[in-house]
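Here is a short report on packing, cavities and chain contacts. The sequence and structure come next.

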Amino acid sequence: MVPTSYYLVLSAVLFGLGVVAFIFKRNIITVFMAIELMLNAVNLAFVTFSRVLGELQGQVFVFFVIVVAAAESAVGLAIVILIQRNRGTLNVERVDSLKD
Amino acid sequence: MPVLEYLWIIPLLPLLGAAVNGIFGGRWPKKTITAVALSSTTLSFLAALEAVREFLSLSSTEIPWTKSYFTWISAANFRADFALQMDRLTVVMLLVVTGVGWLIHIYSTGYMHDDPGYRRFFSYLNLFMFFMLVLVLAANYLLMFVGWEGVGLCSYLLIGFFFLKQSATNAGNKAFWVNRIGDFGFILGLLLIFRTFGSLDFATVLPRAAGMAADPAGQVGTLTVIALLLFVGATGKSAQVPLYIWLPDAMEGPTPVSALIHAATMVTAGVYMVARSHAIFLNAPVAMQVVAVIGCATALFAATIGLVQTDIKKVLAYSTISQLGYMFLACGVGAFGAGIFHLMTHAFFKGLLFLAAGSVIHAIGGEQDMRKMGGLRKKIPVTFWTMCMATLAIAGAPGFSGFFSKDEILNEAQHASPVLWGLGVLTAGLTSFYMFRLLFLTFLGAPRYDEHKVHVHESPRNMTVPLIVLAVLSVCGGWMAAPQLMGGVNYFERFLAPVLTTGAESAARESTGGGGQILQALIGAPVIAGLVGFLLAWWLYVSSPETPKKIAAALSAPYKLLSGKYFIDELYAAVIVKPLVWLSDRVLWHVVDEGVIDGSVNGIAHISRESGDRLRHANTGNVRSYATWIVFGVLVFTSLLLWMVE
């Protein structure tokens, strides 16, 4: 049987990759995928603990997260398309109107 | 017992009138405003009459009639109800306030007719009636204090009625401030009453105070302190030395206000309060002496100032102060009934004097200086004759109301102290002199105004009718006391006796009434003093009008002292006002306010602004840098959490 720590380390590594990608990538779609990666890293941690503790809540949480992530990606992709249409770019550096 | 059950209706009606006129009356024509203001006071007067009628048929076990309508304050062992009370003292006050107030309301519809502030005037005046009735009907000291402060507020509003005039605004402020001093004493008195008796209800406090052992003569005990503190309140409201200075300035208000508030009702509230608390005062001999001395001193002091005033209303103002002094003199020598009696007759004749003075001012187009009047007798006969009645009454001419009440006071004072009596008689002479001086200067002699410019006219009927009614009252108002002179009973004092004296005392007092007093009273010292005052005034202002100037020139120093009102205002300005202003300006304003308070507030604002200015550069709008900050924050907090768990 694979030890629990393996799953958790994998989850942490995936999460870390997501964070790094989120911070350093410039393309919005990549940033977006980084977010999904982080969410799924968390899902993995949930499922792991669910199995270790023998309880179902963790898995229920995962379903919630998946549903919300689906909705979020639908909205997020719509936003990405609008940004592309309005600004003609997908570079995060150029989308900085928050400071105004 | 319909009205007695619902006593609150008597004060509520004027309050309604004030509210309706004040809130909705903005676009109403004068007729509607008049109708609202007059109907509320008329109904209130009628309700008061009905209440008195029902009250008189009560059996003696039901008196004092107290009705509690709701609990107003209840905290720990302190409890104050909105409770109204009726006893014989209340009856007198109630009738004076609603009756004279009603007449003055009618008069005002004529006097204020062309004033742009007509609606404001009547809503204030109605509001005043409300507070005055609360003061009179209250069944505990706290509710009385509400009325007390309320009438003070209305007095302030009405003194400063012509608020575009700087002097009127100043006079209003002065009245308010001076009254604060008195009210401070009153509040302290209330606190001490509560501490001593555990209640503020008259029904609890007064019997207990009466049952307590009297403070020994010459010593100051709790009761004496309470009495003195209450009396401080009374000196403020009733314009006694040393707090009388606001009343002469209060003449800046419209004349009906002077008549109602500053002569007939509000200023007598102090006398009423002292009489109401007589149980406390009677057990505090030192306080009684103070009251008598202050009252007597005020009576004489104000009368001397009144001798040389030239403004018709100022003469009456000083006269009012002087007469209030008489009332306190009566209270101070233990003759509370005589004090209240004089309060009532004074409300009639002084109210009338002010209204008649207002009619004179109205007739000659706003002039108040008596040196610019003269010869008005034929032109405004109704005003002249009514004013004559009032002057005779205040001067104590035999048969008029003032004669009976003043005689009663001086009689009681004579038993207490010959000095007080002597000064009282002297004051009676002075009173007679300055009142006849006023009458002669105004109505007799040659006209001293410009007859081509000023068209003198008698006042309209809604002004003259109240004058006539009050004139009748000024003449007959004292006749209840008349039988005493023929060896009978003073019906007024007998009426008040259940409230104001214990049984033994009233019996003793009644037995002193003996035959032969009528002659004694008629040729008594007060009447002679009044006659001398009259003759002197006649000689100086009618038969040889040049003499007063010569006397003034010959006695220039005393004359200046009197016409400068003993320079008390200047003294207060130098001793109290100036140091206060200096302290406020130099210390409280420039150091405390600007330095400490503004400094700390501005300092905090400065720090926030500076730090905000520095931090705002972190706000780049770059999503990735925000994300970095978030990650950084998460790391910091997570490690903090881990560190704490370990």
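## Terms and model

In the lining counts below, Ala, Val, Leu, Ile, Met, Phe, Trp, Tyr, Cys and Pro count as nonpolar, Asp, Glu, Lys and Arg as charged, and the others, Gly among them, as polar. The model is predicted: local features need pLDDT of at least 70, side-chain atom pairs count only at pLDDT 80 or more, and totals for chains, interfaces and linings use all residues. Residues are numbered from 1 along each chain as its sequence is written, chains are lettered from A and ligands numbered from 1 in the order in which they are written, and side-chain values use heavy atoms, with hydrogens and water left out.

## Cavities

A search of the whole structure finds 2 cavities of 30 Å³ or more. A cavity is a set of points, on a 1 Å grid over the protein atoms alone, where a 1.4 Å probe fits but cannot get out; lining residues have an atom within 4 Å of a point. Grid points are joined across faces, edges and corners, and a volume is the space filled by probe spheres set on the points.

The largest cavity has a volume of about 50 Å³. Its lining includes B:Ala395, B:Phe403, B:Lys406, B:Asp407 and B:Pro526. Two elements of chain B give two or more residues each: α18 (401-416) and α24 (525-543). Helices (H or I, at least four residues) and strands (E, at least two) are DSSP runs, numbered from the N terminus. The largest share, 4 residues, comes from α18(B). The lining divides into 5 nonpolar, 2 polar and 2 charged residues.

The second largest cavity has a volume of about 40 Å³. B:Tyr244, B:Ile245, B:Pro248, B:Asp249, B:Tyr318, B:Lys565, B:Ile568 and B:Asp569 line this cavity. Here α10 (246-249) and α27 (568-615) of chain B give two or more residues each. This lining has 5 nonpolar, no polar and 3 charged residues.

## Nonpolar cores

A nonpolar core is a set of buried Ala, Val, Leu, Ile, Met, Phe, Trp, Tyr and Cys residues joined through side-chain atoms within 4.5 Å. Buried means under 20% relative accessible area, exposed over 50%, partly exposed in between (1.4 Å probe, protein chains only). The largest core has 188 residues. B:Ile10, B:Met86, B:Tyr141, B:Leu230 and B:Ile280 have the most contacts inside it. Helix α16 (residues 336-363) of chain B gives the largest share, 17 residues.

Contact means heavy atoms within 4.5 Å. A second, separate core of 15 residues includes B:Tyr326, B:Leu329, B:Val425 and B:Ala529.

B:Thr442 lies in helix α19 (residues 418-443) of chain B. It counts as buried because its relative accessibility is 0%. Beyond four places in sequence, its contacts include B:Ile312, B:Val360, B:Met373, B:Gly374 and B:Leu376.

B:Tyr449 sits in the loop between α19 and α20 (461-476) of chain B. Its relative accessible area is 10%, so B:Tyr449 is buried. Leaving out residues up to four places away, B:Tyr449 touches B:Lys372, B:Met373, B:Gly374, B:Leu376, B:Lys379, B:Val454 and B:Val456.

## Chain contacts

How many residues of chain B are in contact with chain A? There are 10, in contact with 12 residues of chain A. The buried area (accessible area, 1.4 Å probe, that two parts lose on being put together, summed over both) is about 910 Å². Carbon and sulfur atoms give 61% of it. In chain B, B:Gly621, B:Val623 and B:Arg624 lose the most area to chain A, together 52% of what that side buries.

Conventions
On a 1 Å grid over the protein atoms alone, a cavity is a set of points where a 1.4 Å probe fits but cannot get out, and a pocket is an open set with protein on both sides within 12 Å along at least five of seven lines; lining residues have an atom within 4 Å of a point.
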